[in-house]
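These are my notes for a colleague who is opening this structure for the first time. Please read the numbered points with the model beside you.

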Amino acid sequence: MKRSGQPPYWLLFGAGGMLSALVGAMLVFLTGIAAPLGLFGADTAFTYERAAAFAHGPLGKLAVEMVIALFLWHGAHRIYHTLHDFGVRLNAFTWLACYGVALAGTVTAAVALAVI
Amino acid sequence: MSSTPETRTIAVEVLRYQPGHASTPYVERFDVPFTDDMSVLQGLQHIKDRLDGSLTFRWSCRMAICGSCGMMIDGVPRLACHTFLRDFWPGPLRIEALAHFPIERDLVVDASDFIAKLPRIKPWLEPAVPLRVSAGEHLQTPTQLSRYESFSHCINCLLCYAACPQYGLDKAFLGPGLTALLHRYNSDSRDAAKEERMELVNSEEGVWGCTAVGYCSEVCPKQVDPANAVNQNKTASALSWLVRLLPGGA
Amino acid sequence: MDGWWRRDRFFLKYMARELTAFFVAAYALVLLAGVIRLSQGREAFDGWLEGLRSGWSVGLHLVLLAVFLFHAYSWFSIMPKTMPPLVVSGRRVPAWAITTAGLACAGVASIALFLLFTGRPR
């Protein structure tokens with residue numbers, strides 16, 4: 001019997017699903033609604049200084065990389081299986097369209113974080 | 001004073017398939033008189049006894065133990081003996097053979113795929129050392145029993161297979177019921193064949209075809225929770241994959 | 001099997017859950033764009049921030065917020081089926097308790113994140 005190759009994808013999917021279930025909604029609210037609209041005053045606004053300072057430290061880098069990478073792998077894995085649910089034949093192209101994007105995003109985020 | 005129960009009539013639409021008589025399935029409508037205490041199975045028996053003797057369906061125990069009378073009742077996999085006609089009045093109530101299985105005749109499906117897979121999960125206890133009957137009972141604590149007991153309640157009725165879209169899409173998938181049964185033996189303190197069964201769990205036909213839809217557990221008439229059995233084994237399979245990555249873990 | 005997911009309400013709910021994946025990935029791409037802009041310096045990052053202030057972006061994030069809330073609900077709803085049984089003092093923890101505990105954890109984590117984000121810059 002051929003061993004399934006799913007475990008690493010599923011582990012990333014699960015980690016991303018858990019992280020996004022725990023803090024995803026709040027992250028969306030903070031970065032996409034509260035900060036751009038300045039809901040909590042100028043002191044707490046989203047500025048270049050604050051963002052750069054946060055992404056400069058190793059913990060900040062790790063947090064940003066985890067959110068971007070795990071959310072991407074979570075999405076990729078679910079979309080890949082949903083394509084199958086809709087009767088799409090899975091092949092190298094569907095793999096690239098899902099996991100390939102997640103992999104590219106993970107690497108790009110890591111490279112960008114490295115130079116901040 | 002005794003009173004006769006009220007009799008009502010429900011329209012029952014049955015998906016018929018009569019090879020030799022018609023090449024494709026067709027729907028036939030029957031008007032079935034029923035009382036509040038009558039199951040769908042009793043409705044089918046009324047049709048067979050009084051209206052059309054050619055109607056074919058499986059049944060045996062009439063009490064949700066034998067697992068023979070699974071069928072699609074208004075689109076949901078259910079045991080005909082465990083479902084009441086009164087809940088569907090005035091109808092029409094649609095009855096079809098279980099989804100995802102080839103139809104043999106009327107409401108009888110061909111379960112060969114399930115039967116062929118059954119021995120692959122080794123549905124028996126394999127003790128680490130052979131035991132003789134003269135050695136007496138093989139005792140277990142209540143805690144050891146509780147680890148597998150709920151999974152041993154499966155009656156092989158196939159409702160979970162009719163509920164599982166992943167089995168419908170890919171018949172190679174071991175599926176919910178057999179994984180629950182596999183898990184029942186793997187969780188038994190008297191068994192020592194877990195590693196052999198895990199090969200099947202870890203394989204492409206194993207647990208990884210599941211996307212945690214969860215409908216199998218909803219339709220199970222015995223609360224076996226096959227979705228939990230499958231997903232517990234995903235965790236186990238993923239952990240064993242991680243262990244293989246460690247030095248000396250292969 | 002064509003259109004099988006339209007056959008039952010249960011399947012429709014499952015599909016809604018699965019489709020949240022597109023939104024989770026979309027949000028990750030928004031953040032990825034922000035990180036790339038941040039690495040390119042102040043001007044680039046301010047441009048990204050300006051984009052976030054547009055009506056389109058705020059509207060998108062309101063949709064994302066609703067989808068993420070549904071994702072959290074559906075994630076913790078299926079968790080009693082996906083995790084090994086939890087036994088506390090000899091009794092199996094019921095499904096509703098696991099779901100409630102998961103949602104409570106999400107609430108606590110979200111409050112912590114909120115305080116971290118809105119705390120005065122150090």
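1. The expected span of a helix is taken as 1.5 Å times one less than its number of residues, and helices (H or I, at least four residues) and strands (E, at least two) are DSSP runs numbered from the N terminus. Helix α1 of chain B, residues 40-51, has twelve residues and reaches 15 Å from its first C-alpha to its last, close to the 16 Å expected at 1.5 Å a residue.

2. The model is a predicted one, in which local features need pLDDT of at least 70 and side-chain atom pairs count only at pLDDT 80 or more, while totals for chains, interfaces and linings use all residues. Residues are numbered from 1 along each chain as its sequence is written, and chains are lettered from A and ligands numbered from 1 in the order in which they are written.

3. A residue is called buried if 20 or more other C-beta atoms lie within 10 Å of its own, exposed if 12 or fewer, and partly exposed in between, with C-beta atoms placed from the backbone. In α1(B), the buried residues are B:Val40, B:Leu41, B:Gly43, B:Leu44 and B:Ile47. Seen down the helix axis, these buried residues fall within an arc of 165 degrees (the arc of the directions from the axis to the C-beta atoms), so they line one face of α1(B). The face turned away from the buried side carries the exposed residues B:Asp49 and B:Arg50. Among the elements that cover the buried residues are β1 (8-16), β2 (26-34), β3 (70-73) and β5 (93-96) of chain B.

4. B:Ala64, in the loop between α1 and β3 of chain B, has a phi of about 55 degrees and counts as partly exposed, with 17 C-beta neighbours inside 10 Å. B:His100, in the loop between β5 and β6 (103-105) of chain B, has a phi of about 75 degrees and is buried, with 22 other C-beta atoms within 10 Å.

5. Which helices of chain C pack at an angle of about 150 degrees? They are α1 (residues 9-39) and α2 (residues 42-52), whose axes are 6 Å apart. Axes here are lines fitted to C-alpha atoms, for helices over the stretch in contact, and angles run from 0 to 180 degrees between N-to-C directions. The angle makes α1(C) roughly antiparallel to α2(C), a label for angles over 145 degrees. The contact, meaning C-beta atoms placed from the backbone that lie within 7 Å, is made by residues including C:Arg37 and C:Leu38 of α1(C) and C:Phe45 and C:Trp48 of α2(C).

6. Chain C also touches the other chains. The contact with chain A takes 45 residues from chain A and 46 residues from chain C, and α1(A) gives the most to the chain A side, with 16 residues. In the contact between chains B and C, 16 residues of chain B meet eleven residues of chain C, and the largest share of the chain B side, five residues, comes from α9(B).

Key
Contact = placed C-beta atoms within 7 Å. Parallel < 35°, antiparallel > 145°, perpendicular 65-115°, else oblique.
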